[in-house]
2 protein chains.
Amino acid sequence: MFVQISPLTEALPAFLSQHTYSSIVVLVDGNTKRHCYPHVKNLLPKHKLITIRAGEANKNLAVCETIWQAMTDAQLDRHALLINLGGGVIGDMGGFCAATYKRGIDFVQLPTTLLAQVDASVGGKLGIDFHGFKNHIGVFNYPAAVLIDTVFLSTLPERELRSGFAEVIKHCLIADAAQWKTIRRRDLGDQNWPELVNHSVEVKKKIVEQDPTEKGIRKILNFGHTLGHALETHLLANPARRLFHGEAVAAGMIMEASIAYRKKMIESSVLEQIEEYIFSIYGRVKLTDADLEPVLELTLQDKKNRNGQVRMALLNGLGSCQYDIAVTKTEMRQALEFYLE
Amino acid sequence: MFVQISPLTEALPAFLSQHTYSSIVVLVDGNTKRHCYPHVKNLLPKHKLITIRAGEANKNLAVCETIWQAMTDAQLDRHALLINLGGGVIGDMGGFCAATYKRGIDFVQLPTTLLAQVDASVGGKLGIDFHGFKNHIGVFNYPAAVLIDTVFLSTLPERELRSGFAEVIKHCLIADAAQWKTIRRRDLGDQNWPELVNHSVEVKKKIVEQDPTEKGIRKILNFGHTLGHALETHLLANPARRLFHGEAVAAGMIMEASIAYRKKMIESSVLEQIEEYIFSIYGRVKLTDADLEPVLELTLQDKKNRNGQVRMALLNGLGSCQYDIAVTKTEMRQALEFYLE
């Protein structure tokens, strides 16, 4: 896995000088076309641009079809390169389109959001949402390179930055108690982003390299995601209540930490500091009793389940996590109720 | 690559006894549901059936969507198994759906046509047609097993058998001159199918194992396919003229052999015996001058091209083949004209 954190002005020309491509296409959305593409445009030889609409709602098969069609119209052969310039949607969907076009062409991830830099771009998970299920259709495949430039973080709205920060928190909680102590002393605005991006990428890379296709240890990266994903999916249908991915994961981490506490895997003090810090950054997602059952139902589609039984990654201490832990519907309901109180 | 040629009554229970799956789904089309599923049904534990319409015209994204939806409705988790019971369409598309469902579940190929037994089921190429382009969207991925039972060949219409025979001919021409001598002494009805299936699978397996993702030597398996695919795609739009895959490849082998002859890679006697035998089995596809330009245009989308230039696999002797040979549009036009005369 080739991940480089450095200014694109150096990294991109260096990468291209080491590879030969028959043609180059850049995938952007409305936002990255305006804010990020100007940083990249002059670093590239002759290329084409494919523009899609921004937002998770567009991470679907219909948009894949327009991307595949644009690649076909550009007569891309198997030796072409697709550059994905954007957040998780662009990276996941663009990567999936590249990995399936003519059974796979090279692609490079240029993640522009904090979430994509610390999470989505590292680890080879590609895919799209399908009829309401997140990342339901996809493949594992590695980009030719992930080139991360933290200069893009300054283009982000605060809500976007806050969303990405949830994965930073997660990486600390599952793998590095010392780093957790550092970040929780600071508010969102006072974090050292280049350092945190570096740290998060290292944590994730180390885990992924041990278990690329998530048969074992990689599952700990799903901490907060079983209930987080279900919550995110549930609220997707209602534009006014829709959450950013990290906002849902932040809520999911509180819920799943409460399950770990009930199972006596963590102390009450650990649960309390997680709860306190996450609420201080994210506030509390407004949920009612009516939301509980649909969220619980959605956990049945979680990719980590086995024989219809939900399996979670749960903390067993600060900076430590266990995976494949069977969790009952009752335990999940209690976790949602804990969060609601 | 696990390929076994033996009665399914032994092979399928043996395979299942060595694996643990959370659930099993069988993908069939109208034909294989009627003719082949009865042979398989009682060899399986409790399972579900997904039925799609038969035919290459259904190897598309819309049908994938219905398969993914059926898999979702059945609440398949990552530990489920999809069994593809059918010809190339079922194997390629079912394999693609399995390889992309929740980023990949296990699948088993039970090829029921000669074409699928000697070609499609071996080698990990999965995918679908896209807006008129054959196998345009797909991935490389290996089934948990390919279980081949030649009993199914007796259920095939003659035209289907003849189509599959083209790949048998191809395997002889590119890799085994002695076997070519054997088959060309016999008409279609006199061939020893179990022996030929064995031989073809061995030839293909040996080549694919050297080069799974077709960076090099595997390209020789495309002999006859550059012009064959283009011809097949061109005639797809017109139901009355539509060809079976092998019929198109058979014509493509004559055309591409004529290019090899013009490039002094084979003797005239080799071209003549190929031409004579293939015409004796397949007759001549009716083409007019008006078909030439569209077929030539379609070769530009061939997956083996580089920088817009067509690259072919061409015979350089009986039982021997070279790949990545640049071929001009003029040479291809001459090949089509040679075939027409």
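Hi everyone, let's start with a sheet in chain B: six strands, in the order E1-E8-E5-E4-E2-E3, form an open sheet with parallel pairing. Strands here are DSSP E runs of at least two residues, and helices are H or I runs of at least four, numbered from the N terminus; two strands pair if DSSP finds at least two bridges between them. Strand E1 (3-5) and strand E3 (48-52) of chain B are at the edges with a single partner strand each, so one side of each has no neighbour in the sheet.

A word on the model: it is predicted, so local features need pLDDT of at least 70 and side-chain atom pairs pLDDT 80 or more, while totals for chains, interfaces and linings use all residues. Residues are numbered from 1 along each chain as its sequence is written, with chains lettered from A and ligands numbered from 1 in the order written.

Back to the sheet. Strand E2 (residues 24-29) of chain B runs parallel to strand E4 (residues 81-86) of chain B, joined by four bridges. One pair to look at: B:Val25 has B:Leu82 in E4(B) as its bridge partner. Helix H4 (residues 61-73) of chain B packs on the sheet, touching E2 and E3 of chain B, where contact means C-beta atoms, placed from the backbone, within 7 Å.

Now, how do the chains meet? In all, 32 residues of chain A are in contact with 32 residues of chain B. On the chain A side, E7(A) gives the largest share, six residues.

Finally, chain A itself: its secondary structure comes to 14 helices and 10 strands, and its C-alpha trace spans about 55 × 40 × 40 Å along the principal axes.

Technical notes: Contact = placed C-beta atoms within 7 Å. Axes fitted to C-alpha atoms, helices over the stretch in contact; angles between N-to-C directions.
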